[in-house]
Amino acid sequence: MANQGIEVSKAQALKKQSIHKMIRSALPIIGLIAVCVIFNILTKGNMWNSRKLILNQVYVVLISATGVFFIMTMGGLDFSQGSILGIASIVVCKLSGINMGLAVAGGILAGAAIGAFNGFFYVNRKIKSFIVTICTMFLFRGFIKYMASNSPVAASMKVYDYDTTAIKLGITAAVLIIGFVVFRFTKFGTYLKAIGAGEKAAKFAGIRTDKMKFLIYVLSGAITGLAAFVNIVKNGSATANVGNQLETQILIALVLGGMPISGGAKVRFENIIVGSLLYIVLNNGLTMMGLTTQAMQLIQGVIFLIFVAVFADRQSLSVIK
């Protein structure tokens, strides 16, 4: 009888744990739906009418967040995304007058080069990822200010031929679909989650962790370099503030989507899509309500803190790499 009681209590505990996990995984989607409905009511339908504007804003965040998603899955952080986007955007502008294919390739290579820079100091010099990327954020932000402070770096007028929903949505969808397939159905995703869950154990399992970490930073930079092309297609030029605070937007978007900051096995690819949409809808909704910048930052900070408290794995926070 005693054994049966223990088994029943264990089954009840497992059931409660399962329900808790289901609620946690569904919370970002519920939050997205709730935010859409609430702001659509508060703005008297203007939120729904501005859906094209919202979609236009989410492209760059979605693409760039895909690369950062891979970094965070293995337990790292990247605060240099805004600077990567800025440098790559300037390269795209400079090369757009020669050839658009060359401009796209140049943006991707510029992003990959900065990613390799980050990866070298992170992997070879054993400096924490957030320290390395904060340093490169300021370093390359200085280059951007130098190159675009007097006047914006203008792109060729040819870029406006690519400013169509089909092209921007197609590029974004291609990045997400390829990322999803590679993450979900190849060893790539398994290795990333294994490194995030425990790097020493991953090494003992035969995973070349240093090589993986370096390649992920290169890949993330390259993806953001592609996002720079979409950014220039939308804006036509690169200003001194191009990419400013993109890293913050990405981090907030991923956490709002349910992304554990420490990475590991609990990561889900849909964190990117749900979180990016939730962030853009929330930001636009607050803007449409006429709130001041300070009030918007206060509300966003409170929401961000709540989601971090819900999704953070406190046992793993100390091993952010």
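Me: How many helices and strands does the secondary structure of the protein chain come to?
Reply: 13 helices and two strands. These are DSSP runs numbered from the N terminus: helices are H or I with at least four residues, strands are E with at least two. Bear in mind that this is a predicted model, where local features need pLDDT of at least 70, side-chain atom pairs count only at pLDDT 80 or more, and totals for chains, interfaces and linings use all residues. Numbering runs from 1 along each chain as its sequence is written, and side-chain values use heavy atoms, with hydrogens and water left out.

Me: How do you know that the span of α12 agrees with its 19 residues?
Reply: The expected span is 1.5 Å times one less than the number of residues. For α12 that should be 27 Å, and its end C-alpha atoms are 27 Å apart, so the two agree. Just after α12, Gly-290 takes a positive phi of about 80°.

Me: Why is Lys-126 called exposed?
Reply: Exposed means over 50% relative accessible area, buried under 20%, and partly exposed in between (1.4 Å probe, protein chains only). Lys-126 has 55% relative accessibility, so it counts as exposed. It sits in the loop between α5 (100-124) and α6 (129-148), and its phi is near 60°, positive in a residue other than glycine.

Me: And what makes Gln-245 partly exposed?
Reply: Its relative accessible area is 47%, so Gln-245 falls in the in-between class. Gln-245 lies in the loop between β2 (237-238) and α11 (246-256), with a positive phi near 65°.
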